[in-house]
Amino acid sequence: MRLQFVLGEVLLGLRRNATMVVSVVLVTFVSLTFVGAAALLQLQVTKLKGDWYDLVEVSVFLCPDGSTAPTCAGGEATDDQVAALERTIESDLGDVVATTYYESKAEAFEAFSARYPDGYEGTQLTEDDMQASFRLKLSDPEQYQVVDEVLSGRDGVEVVEDQRAAFEPLFLVLNRASLVAVGLAGVMLLAATLLIVTTIRLSAVSRQRETGIMRLVGASTLFVQLPFMLEGAIAALVGAVLAVAGLWAAVQYLVVDWLAESVDWVSSVTTTDVLTIAPLLLGVAVGLAAVSSALTLHRYTRV
């Protein structure tokens with residue numbers, strides 16, 4: 001009987017404040033969509049880093065003829081300097097470097113010719129224009145600084161380059177986009193909280209006579225407040241479910257069916273990732289309802 005009464009009061013409150021309830025649902029939907037988008041962006045950054053950081057290498061470019069680098073004052077790197085560098089990599093960087101590959105000028109020219117058979121930007125290059133290098137695959141890509149400190153400044157080494165630097169601008173853009181999404185989500189969550197507070201307040205004020213009678217007959221505080229709490233929670237949860245559904249559809253049709261088919265050389269977020277963050281969105285929705293109830297009900301439904 002009590003459960004039936006509580007559910008009846010909840011449905012009555014939702015009908016009385018239908019416009020406000022719809023507003024709560026829409027604002028919660030928008031705000032949690034931003035929260036979910038930020039979470040998915042961070043998951044995408046993590047996937048890209050996992051894929052690309054495992055592929056990138058550290059390139060140690062050796063001195064060519066005519067280089068102005070201080071370590072290249074003697075001209076092109078000699079065989080002795082190359083051998084010394086190999087010994088240094090093996091002895092000083094054995095725990096950091098997983099594999100070492102030496103690319104001669106001839107091999108560099110062969111790779112260049114295969115990639116640019118008609119020359120680079122209309123310029124035909126020869127083997128003498130190429131630059132020998134070491135390509136180092138690191139056990140941990142984050143240890144680039146160690147390699148740089150050991151090899152930079154040695155005779156025969158013109159420059160040490162970390163290929164990860166090419167990806168950092170992309171990661172920076174994605175991280176900033178997720179921060180913008182979080183900021184917008186924060187504003188919208190505040191708006192959603194205020195709307196839920198207003199909805200609960202209107203519902204409580206419109207039913208002061210009923211709650212007064214319930215107080216007189218000895219109803220507990222929880223029993224009096226429960227219908228109002230459920231109204232806010234239902235509205236917020238509906239918004240959260242819509243946000244999850246919207247994110248799932250966006251990922252399925254825009255990422256999985258379109259972007260992933262066009263750009264198949266990178267890992268993209270999937271609908272499984274959306275389902276992974278779904279509990280977070282539902283939890284935020286419940287939290288919104290709980291905070292809103294705490295801010296309102298103690299004033300209007302005290303027993």
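User: What makes up the accessible surface of the protein, and how much area does the surface come to?

Analyst: This is a predicted model. Its accessible surface comes to about 16700 Å². Carbon and sulfur atoms hold 62% of that area.

User: How many of the 303 residues count as buried, as a percentage?

Analyst: The figure is 40%. To count as buried, a residue must have under 20% relative accessible area.

User: Why is Ser59 called buried?

Analyst: Set the value against the cut-off. Buried means under 20% relative accessible area. Ser59 has 3%. The value is under the cut-off, so Ser59 is buried. Ser59 lies in strand β1. Beyond its neighbours within four places in sequence, Ser59 is in contact with Phe134, Arg135, Val159, Val160, Glu161 and Gln163.

User: What makes those residues count as contacts of Ser59?

Analyst: The test is distance: contact means heavy atoms within 4.5 Å. Phe134 and Val159 are among the residues in contact with Ser59.

User: Why does Asp273 get the label "buried" rather than "exposed"?

Analyst: Exposed needs over 50%, and buried needs under 20%. Asp273 is at 12% relative accessibility. Therefore Asp273 counts as buried. Asp273 lies in helix α9, which covers residues 271-300. Leaving out neighbours within four places, Asp273 is in contact with Leu40, Leu43 and Lys47.

User: How do you know that Cys63 and Cys72 form a disulfide?

Analyst: Check the sulfur atoms. They lie 1.9 Å apart. The rule asks for cysteine sulfur atoms within 2.5 Å. The pair meets the rule, so Cys63 and Cys72 form a disulfide. The rule gives a count of one disulfide.

User: Is the link of Cys63 and Cys72 left-handed or right-handed, and what is the angle about the S-S bond?

Analyst: The angle is -75°, and the link is left-handed.

User: Are Cys63 and Cys72 buried or exposed?

Analyst: Both Cys63 and Cys72 are buried.

User: What is the secondary structure of the protein?

Analyst: There are nine helices and four strands. Along the sequence the pattern is α-α-β-α-β-α-β-α-β-α-α-α-α.

User: In what order do the four strands stand in the sheet?

Analyst: The order is β2-β3-β1-β4. The sheet is open, and its pairing is antiparallel. From one strand to the next, the twist averages 15°.

User: What makes β2 and β4 edge strands?

Analyst: Look at their pairing. β2 (97-103) and β4 (157-162) each pair on one side only.

User: How do you know that β2 and β3 pair?

Analyst: Count the bridges. Pairing takes at least two bridges between the strands. Six bridges join β2 to β3 (residues 133-138). The count meets the rule, so β2 and β3 pair. They run antiparallel. Thr100 stands opposite Leu136 in β3.

User: Which helix lies across β1, β2, β3 and β4?

Analyst: Helix α3 (residues 79-92) lies across these strands. Helix α3 runs at about 10° to β3.

User: Where does UniProt place the feature "transmembrane region"?

Analyst: An unreviewed UniProt entry places the feature at residues 20-41, 179-200, 237-256 and 276-297.

User: What is the helix content of residues 20-41 and of residues 237-256 in the model?

Analyst: Residues 20-41 are 100% helix and 0% strand, with end C-alpha atoms 31 Å apart. Residues 237-256 are also 100% helix and 0% strand, and their end C-alpha atoms lie 26 Å apart.

Technical notes
Residues numbered from 1 in each chain as written. Predicted model: local features only at pLDDT ≥ 70, side-chain atom pairs only at ≥ 80, totals over all residues. Heavy atoms only, no water. Buried < 20%, exposed > 50% of the residue type's maximum accessible area, 1.4 Å probe, protein only. Helix = DSSP H or I, 4+ residues; strand = E, 2+ residues; numbered from the N terminus. Areas by Shrake-Rupley, 256 points an atom, 1.4 Å probe, with all protein chains shown as cover. UniProt positions renumbered as here; feature names shortened; annotations may be inferred. Axes fitted to C-alpha atoms, helices over the stretch in contact; angles between N-to-C directions.
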